[in-house]
Each structure stands twice: as structure tokens, then as C-alpha cells.
Amino acid sequence: MKIVACLGTNCTGEKEFTAAVDDVCRRLSGESGYICSCIYPSADADFPVGADARYYLNAVFEFETDMDIAGLHGLCKSIELEYGRDMTSRLHNRVPLDIDIVIADGEILRPRDYAQEYFQSGYTEIISGSGS
């Protein structure tokens with residue numbers, strides 16, 4: 001199954017996020033390899049301006065897997081927890097690592113994410129062939 005996923009953080013520096021993206025891409029893609037966009041900033045879709053504005057670092061990646069969506073989703077949530085996305089971080093609106101499966105075998109699973117600039121920027125890079 002071909003998967004396109006989005007990764008994000010609102011509280012991790014670029015160096016740490018780059019390492020996390022590499023780790024997650026390798027763990028989820030296994031031997032099949034992956035294509036990943038560059039890391040880029042975006043405004044929070046829910047709080048883009050004003051005193052409550054928040055900013056994220058993002059990356060989009062594509063990979064093949066034999067896992068089913070439920071198993072893959074569970075693995076993503078487990079990895080998020082390893083990186084500190086727990087109840088305390090959620091209470092403080094801190095996102096150490098967010099992994100969202102947006103497209104699976106051409107089916108858009110998360111239409112809201114798919115439509116957002118934070119996804120489209122990286123996705124466009126991947127489908128244009130300029131991802132690494």
C-alpha cells in the first residue's frame with residue numbers, strides 16, 4: 001500500500017525535528033525506502049495569526065508498506081508517544097511530534113489535512129519529483 005503522511009512539531013527545533021523525521025521515515029518504510037520533502041515552517045491552521053499564533057515545522061513523506069491502516073495508525077501513535085506526545089503535552093498545546101496518514105493507495109483519509117497549506121507544500125514537492 002502506498003502511503004503519504006505528514007509530520008509536524010510546534011515545540012522541537014529544526015535539528016531535532018530533522019532527526020525525528022529521518023527516524024520515523026526509516027521505521028515506517030522499512031526496507032521499501034521513502035521519499036521525503038524538505039522541512040518547512042507553517043502557521044497553525046487553527047491559530048494562524050494574532051496573540052495565539054503558533055508555528056510548526058513540517059515534512060511530508062511517501063512510502064510503501066504491507067501494514068494495514070489500523071496497524072500503521074497504531075504504530076504512528078506509539079512513535080508519537082515515544083517522542084513525548086502524551087497527555088501533559090496535549091494539555092499545554094505542545095506537539096513534540098505529530099504523524100498523520102493523509103493518503104492511502106490514492107484515497108484521501110484526512111481531507112482537512114489534505115487541503116491545508118502545511119500538507120500541500122510538502123506533497124507538491126514530492127509529486128513534482130524534487131523530494132529526497
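Two strands are said to pair if DSSP finds at least two bridges between them, and strands themselves are DSSP runs of E with at least two residues, while helices are runs of H or I with at least four, numbered from the N terminus. This is a predicted model, in which local features need pLDDT of at least 70 and side-chain atom pairs count only at pLDDT 80 or more, whereas totals for chains, interfaces and linings use all residues. Residues are numbered from 1 along each chain as its sequence is written, and side-chain values use heavy atoms, with hydrogens and water left out.

Seven of the seven residues of strand 5 are buried, where buried means under 20% relative accessible area, exposed over 50% and partly exposed in between, with a 1.4 Å probe and protein chains only. Asp100 counts as buried because its relative accessibility is 9%.

Turning to the helices, the axes of helix 1, residues 14–29, and helix 2, residues 69–82, come within 11 Å and cross at roughly 150°; these axes are lines fitted to C-alpha atoms over the stretch in contact, with angles from 0 to 180 degrees between N-to-C directions. Helix 1 is therefore roughly antiparallel to helix 2, given that angles over 145 degrees count as roughly antiparallel, under 35 as roughly parallel, 65 to 115 as roughly perpendicular and the rest as oblique.
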